[in-house]
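Please study the structure shown here and then work through the exercises. Each task is followed by a solution in steps.

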Amino acid sequence: MLPSNLAFVFPGQGSQFVGMTKELYSEFNYVKELFQQADDALGFSLSKIILEGPKEKLDETENTQPSIFLASQSIYQIIKKETKVDLSKANFFAGHSLGEYSALAASESLNFDQTIKLLKKRGKAMPVSYTHLTLPTKA
């Protein structure tokens, strides 16, 4: 029996590593299809960066953000299809920073293609915004 208040919480940036979801990609065809959908939506092979690296490329924020989202959505789909957890009964979807976007997609507030494209743009914008950040200095 499931708890009456089911919640899903998704991770933020920083949990990425080359090869994440490799076993899931190999085992579940629908995960491969999701990876292909991501590649098609973005117009380049994010799959290759996730599965093969190099780490430096994966760690670029513009790649990290859609990569974590894709990994999160892959795991979410596995839970949805391979367990007896009825995700339509979830009361809460939440995430830490970047994970908020995974939560929005899981709750069907945003679709997959919209979200992965948005995260690519967000990932490109973040380093630029940091370079314009001026911290106060002590006098």
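The exercises below concern a predicted model and treat a helix pair and several salt bridges.

**Exercise 1.** Determine how helices H5 and H6 are oriented to each other, and which residues make the contact.

Solution. 
- Step 1. H5 covers residues 61-82 and H6 covers residues 99-106; the two pack at an angle of about 40°, and their axes lie 10 Å apart.
- Step 2. This angle makes H5 oblique to H6.
- Step 3. The crossing of H5 and H6 is right-handed.
- Step 4. H5 contributes Phe-69, Ser-72, Gln-73 and Tyr-76 to the contact, while H6 contributes Tyr-101, Ser-102, Ala-105 and Ala-106.
- Step 5. Of the residues in this contact, five are nonpolar, three are polar and none is charged.

**Exercise 2.** Describe the salt bridge between Lys-48 and Glu-52 and state how exposed each partner is.

Solution. 
- Step 1. The side chains of Lys-48 and Glu-52 meet at 3.7 Å, N to O; the cut-off for a salt bridge is 4 Å.
- Step 2. Both residues belong to helix H3 (residues 46-52), and because they are four residues apart, about one helical turn separates them.
- Step 3. Lys-48 is partly exposed at 48% relative accessibility, whereas Glu-52 is exposed at 56%.

Key. Residues numbered from 1 in each chain as written. Predicted model: local features only at pLDDT ≥ 70, side-chain atom pairs only at ≥ 80, totals over all residues. Heavy atoms only, no water. Axes fitted to C-alpha atoms, helices over the stretch in contact; angles between N-to-C directions. Parallel < 35°, antiparallel > 145°, perpendicular 65-115°, else oblique. Left-handed = near helix turned anticlockwise from the far one by under 90°. Contact = heavy atoms within 4.5 Å. Nonpolar A, V, L, I, M, F, W, Y, C, P; charged D, E, K, R; others polar. Buried < 20%, exposed > 50% of the residue type's maximum accessible area, 1.4 Å probe, protein only.
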